[in-house]
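Please read this briefing alongside the sequence and the model shown below.

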Amino acid sequence: MAPDRDWWRHAVVYQVYPRSFADADGDGIGDLRGILSRVDYLASLGIDAVWLSPFYPSPLADGGYDVADYRNVDPRLGTLEDMDELIAVLHERGIRVVVDIVPNHTSDRHPWFQEALAAGRGSEARERYIFRDGAGPQGAEPPTDWVSMFGGPAWAPAGDGQWYLHTFAVEQPDLNWDRPDVRADFVRTLRFWADRGVDGFRIDVAHMLTKDLTEPLPSRDELALIPVDGQHPLLDRDDVHEVYAEWRQVFDEYDPPRAAVAEAWVDSSRVPLYARPESLGQAFNFDLLEADFDAAQFRRVVTENLALAAASGSSSTWVLSNHDVVRPATRYGLPHPPRKTDGHPAVKHGVQWLREGGSDSAVDRVAGLRRARAAALFMLGLPGSAYLYQGEELGLPEVGDLAAAARQDPTFFRSGGQDPGRDGCRVPLPWSPDGPSFGFGPGPAHLPQPAWFAEYSVAAQEEAVGSTLRLLRRALALRRRFAETAVFEWVDTGDPDVLRYRRGGGWEVVTNFGPAPYDLDRIEMAVTSGLNIMGVVPPDTTVWLAPASGA
Ligand code: NOJ
């Protein structure tokens, strides 16, 4: 790999959700050899990096975000040797590798937690987690009435009058980041993967690690009234950056320095704290993902985030999709655009539709795909880095109507089925129009794929002129001509439904969010997400205009 220190600033990063990407051994769960078998495909996309969601040993209570061993590979997914091979092969193809670090919580199967349960109250082992005495006689009640992010109480009984905190599923006990041994162990994990050649890290819920649990603990209502300004007991505390300052020193020991991106669901004004060079260096900006397909919203998000990125010395990351949210091709085809709700807004996108049964008849698939393609091209033209989630390059819709018996997401179980959860965006990829799992593997997939997956398959889209796959490949190839330039300026269109911006070298991006066609003053269209009509941007369409010189 070329020793470029700044590759992450303008990289297109493709998120692989390993369990659902490709299954080589036929057990229904995607694996590392499956990914290895698809390296040609990854290279053909023209991406700069792959981000692998967790592949570590895990009971899969939360799709692998419940890690039982941070420095190993789940035997169902492969071996450390497979991982070494994958890193080497991707590097040979010029693709960097980002892995997921999950520091807020471990799996309840992690040896530390097993030790803590066995060692009992007052033990050193319990100090690595957040154990508290229960309230009421014999500690039979949880210490507080806090609720977990996945629904239900945030405390679970240890069986001896003590309870442990789990911000997410009951199988994901929160670690105690006041402990030097917890801190030291994660540094060891970072070095372990960096030494194996990993180029960067995605930090799961980076804003939650440090906590102030001084007694008496506030109630849920009291907690809700405390401002999230750096001193909140549980969220986005200023002292979390002490952890990242230490990590930064580790990243900078390497040449080139290892990159990191924070998954931090914090107020936009506080994102730069995570994106500073002395902290993680980059932080996801989820604002585009949360926006409706709407010119005013997209414009505001871009303007604000470019300013925030500049303020932090970082570059913006653009995201429309990931393994936690309803896929864009469905989101943009819903009759009532989802609104921002409290809590974890993006996860709520489309949830109303899912709650109503996720019926396809409620979704305008054609409009949804048209807008998803337009949004993707809008995003890929922007300065900064962009993340694509596996299947986004296929315009794959959400699978809304998964049977209850097939569902795996803990949010579904913890909400008593009220919240259908995130399985619909995690259904294994269709590679071919037929076969027991549309080419995902030699047998059936761990989540059932609907019959309509055939038409979205990679093989079908390789053939079809104008397919989403071919569109994105072309866009990623063209993007290289201007991605590294800093130039960005809005161009006035005189139409509130049409956004236009200029990039370096004279490249321009025009998106028509409105219902009427928009006439261009130029005809040098390099790529269009919709109908190819010379000099016109049809509704729900993005075009890229090549420089007049044809550079
Ligand atoms: C954010 C991850 O993206 C999500 O999938 C996971 O459930 C939570 N963090 C908890 O680790």
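**Ligand site**

In this predicted model, an N or O atom in the side chain of Arg422 is 3.0 Å from an oxygen atom of the ligand. Taken alone, the ligand exposes 300 Å², and the protein buries 99% of that area.

*Surroundings of the ligand*

- The space that the ligand takes up is the largest cavity.
- There are 13 residues around the ligand, and those that come nearest are Asp62, His105, Asp204, His323 and Asp324.
- By residue class, the shell around the ligand divides into 7 charged, 4 nonpolar and 2 polar residues.
- For Asp324, an N or O atom of the side chain is 2.5 Å from an oxygen atom of the ligand, while for Arg202 a polar side-chain atom lies 3.0 Å from an oxygen atom of the ligand.

- Val205 counts as buried because its relative accessibility is 4%, which is under the 20% cut-off.

*Cis peptide bonds*

- Glu215 and Pro216 are joined by a cis peptide bond with omega of about -5°, and Pro216 has its place in the loop between β7 (200–203) and α7 (220–225).
- The peptide bond from Asp255 to Pro256 is also cis, with omega near -5°, and Pro256 lies in the loop between α8 (240–251) and β8 (259–262).

*A buried serine and an exposed glutamate*

- Ser314 is placed in the loop between α11 (295–312) and β9 (317–319), and a polar atom of the Ser314 side chain lies 2.6 Å from the backbone oxygen of Gly281.
- With a relative accessible area of 10%, Ser314 is under the 20% cut-off and therefore counts as buried.
- Glu81 lies in helix α3 (residues 80–92), and Glu81 counts as exposed because its relative accessibility of 54% is over the 50% cut-off.
- Glu81 and Ile533 are 452 residues apart in sequence, and their C-alpha atoms are 51 Å apart in space.

Note on methods
Residues numbered from 1 in each chain as written. Predicted model: local features only at pLDDT ≥ 70, side-chain atom pairs only at ≥ 80, totals over all residues. Heavy atoms only, no water. Near = heavy atom within 4 Å. Polar contact = N/O pair within 3.5 Å; in protein donor to acceptor, adjacent residues only side chain to side chain. Areas by Shrake-Rupley, 256 points an atom, 1.4 Å probe, with all protein chains shown as cover. 1 Å grid on protein atoms, 1.4 Å probe; cavity = no way out; pocket = protein on both sides within 12 Å on 5 of 7 lines; lining within 4 Å. Sits in = over half its atoms within 2 Å of the grid points. Nonpolar A, V, L, I, M, F, W, Y, C, P; charged D, E, K, R; others polar. Helix = DSSP H or I, 4+ residues; strand = E, 2+ residues; numbered from the N terminus. Buried < 20%, exposed > 50% of the residue type's maximum accessible area, 1.4 Å probe, protein only.
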